[in-house]
Amino acid sequence: MRETLDKTRATATGLAAATEVLEKNQYDPSRLIPILEQIQEKLNYLSKETITFVADALRLPPARVYGVATFYARFALNPKGKHIIRLCDGTACHVKKSRDILEKLYEKLGLSDEKRTTDDLLFTIELVSCLGACGLAPVMVVDGEVHGQSTPQFAEEVVDKIIAEEAKGGRE
Ligand code: FES
């Protein structure tokens with residue numbers, strides 16, 4: 001029962017945020033991509049409900065909106081963690097053993113290639129191709145901050161630090 005209530009509340013909040021973005025964009029279907037981007041910025045991902053809602057509001061077939069959301073890698077269809085760890089697996093980083101860092105993060109956070117977000121929604125790991133900083137390989141980006149010459153040990157320390165800060169009451 002409690003779970004249903006929470007879900008209803010979350011959906012209502014999500015739809016209110018989507019409505020605000022739609023209004024700001026004057027319900028213009030030609031602005032579908034920026035609309036989806038702005039909604040994702042607010043909600044962190046695009047749920048099935050949000051996609052259907054946007055399609056209805058713009059009078060577009062849901063399959064079209066869904067098609068756009070799945071075509072562009074920048075759209076997330078599942079919730080992401082509060083902290084995003086992007087690990088580069090481009091050639092230069094791969095050669096410098098970025099995979100060892102990834103394995104350490106997977107082990108530490110109980111994640112895998114199939115499951116990249118922790119159940120508590122604290123962390124998401126994203127594997128990306130070249131970040132354009134090959135001279136710093138292997139590179140990881142934690143909440144937008146670039147860390148070059150990373151190691152599995154450093155990755156573990158970063159995660160521990162975030163967990164400790166979250167335990168103290170959160171990190172912005
Ligand atoms: S390959 Fe990793 S930054 Fe270029």
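A residue is termed buried if 20 or more other C-beta atoms lie within 10 Å of its own, exposed if 12 or fewer do, and partly exposed in between, with C-beta atoms placed from the backbone. The model is predicted: local features need pLDDT of at least 70, side-chain atom pairs count only at pLDDT 80 or more, and totals for chains, interfaces and linings use all residues. Numbering starts from 1 along each chain as its sequence is written.

Begin with the whole protein chain. Of its 172 residues, 23% count as buried. The chain has 7 helices and 4 strands, in the order α-α-α-α-β-α-α-β-β-β-α along the sequence. Helices (H or I, at least four residues) and strands (E, at least two) are DSSP runs numbered from the N terminus.

Next, select residues 152-167, helix α7. At 1.5 Å a residue, its 16 residues should span 22 Å, and the end C-alpha atoms, 23 Å apart, agree with this; the expected span is 1.5 Å times one less than the number of residues.

Within α7, highlight Ala-155, Val-158 and Val-159, which are buried. Viewed down the helix axis, the buried residues of α7 fall within an arc of 95 degrees, so they line one face; the arc is that of the directions from the axis to the C-beta atoms.
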